[in-house]
Amino acid sequence: MTPILHIDGEPATAEALAPVILSNYGAFTSMQVEDGAVRGLDLHLDRLQQEALALFGRAVPEARLRERMRTALAGLEGRHSLRVQLFLETITHRTPDAMGEPSVLTVVSAPANPLCDPLRLQTQDYAREAPELKHNATFGLTRARRAAKAAEFDDALFVGPDGVVSEGTIWNIGFVEAGRVIWPRAPMLRGVGQRLLENGLDLVGLDSETRVIDRAALAGFRQAFICNSATPACPVGNIDGRSLDIDPGLIDRLQAAWATNAPQAI
């Protein structure tokens, strides 16, 4: 489908989009919509509130965010991807100190199909700027994935300047050890997909912990998976050329944990 763009509830014009195109100062969240509802909607809304306060000094009221999202999806049924992005047109290189309630850009597009084939990951020395935020500065992420593809991998797994494993380009990674999910402890974005999995792990007989994992420690894990809002769990089959075990039953349990989170109406 052709993406549908609105800014503050009105169809986006070229003039209105100019501040978005000319500046990458902003933040967003992306979600999968199922007949007007989203799994983890409360987490997405909370993310937008925290991002707005951190970047602009003022949050967008939740009722207004929901209204913008409903306007974006008006007349649409079934599954869609929805990106909700915050920006403030008065923030420029000349006026970086501007503050105020940000505008809301919504983009509705075709649904993102979950990844399912085992991924081959390449570790790369990289750390996102302001990693706790899902911000617009994605040049480094795309460049990292291009480098991984050129080296015949599927994607990049980041290792920070301290040698600690953190996250991937647009996903979190979990490792499995003795029936327990091990999440990396590092500066990173704690994604909605990860949080949805955590909510349901005990319901499928799994538990989890967070641990510092350096590059050398990767060799001690035989299983891993990635997750984000579009992919509940996808197995990792290879890291830096070392093969990992694939357990379809484990992936099924992780996906079942994610599915315990009911969609929330927008």
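How many bridges join strand E13 to E14, and do they run parallel or antiparallel? I found two bridges between E13 (residues 223–227) and E14, and the strands run antiparallel.

Ground rules before I go on. I am reading a predicted model, where local features need pLDDT of at least 70, side-chain atom pairs count only at pLDDT 80 or more, and totals for chains, interfaces and linings use all residues. Residues are numbered from 1 along each chain as its sequence is written, and side-chain values use heavy atoms, with hydrogens and water left out.

**Entry: strand E14**

My element names are DSSP runs numbered from the N terminus, with helices (H or I) of at least four residues and strands (E) of at least two. I call two strands paired if DSSP finds at least two bridges between them.

I looked at E13 and E14 again: they form a hairpin with six residues between them. Phe225 has Pro235 in E14 as its bridge partner.

On to the next neighbour: E14 is joined to strand E15 (residues 242–243) by two bridges, and these strands also run antiparallel. Here I see Asn238 opposite Ser243 in E15. The hairpin of E14 and E15 has two residues between the strands, and Asp240 takes a positive phi near 55° in it.

Strand E7 (residues 119–125) pairs with E14 in the parallel sense, over three bridges. Leu119 stands opposite Val236 in E14.

Is E14 buried or exposed? I count as buried anything under 20% relative accessible area, as exposed anything over 50%, and as partly exposed what falls in between (1.4 Å probe, protein chains only). Six of the six residues of E14 (residues 234–239) are buried, so this strand is largely enclosed by the rest of the structure.

**Entry: the cavity**

I used a 1 Å grid over the protein atoms alone: a cavity is a set of points where a 1.4 Å probe fits but cannot get out, a pocket is an open set with protein on both sides within 12 Å along at least five of seven lines, and lining residues have an atom within 4 Å of a point. Grid points are joined across faces, edges and corners, and a volume is the space filled by probe spheres set on the points.

I found one cavity of 30 Å³ or more. The largest cavity holds about 40 Å³ of space. Phe225 and Pro235 turn up again in its lining, among others including Asp245 and Leu250. E13 gives the largest share of that lining, three residues.

**Entry: helix H3**

Leu65, Arg68, Met69, Ala72 and Leu73 are buried in H3. They cover an arc of only 130° around the axis (taken from the directions from the helix axis to the C-beta atoms), which puts them on the same side of H3.

**Entry: pockets**

The largest pocket has about 880 Å³ of space. I noted 39 lining residues, of which Lys134, Thr169, Ile170, Trp171 and Asn228 lie nearest its centre.

The second largest pocket has about 260 Å³. Its lining includes Pro19, Tyr25, Phe87 and His93.
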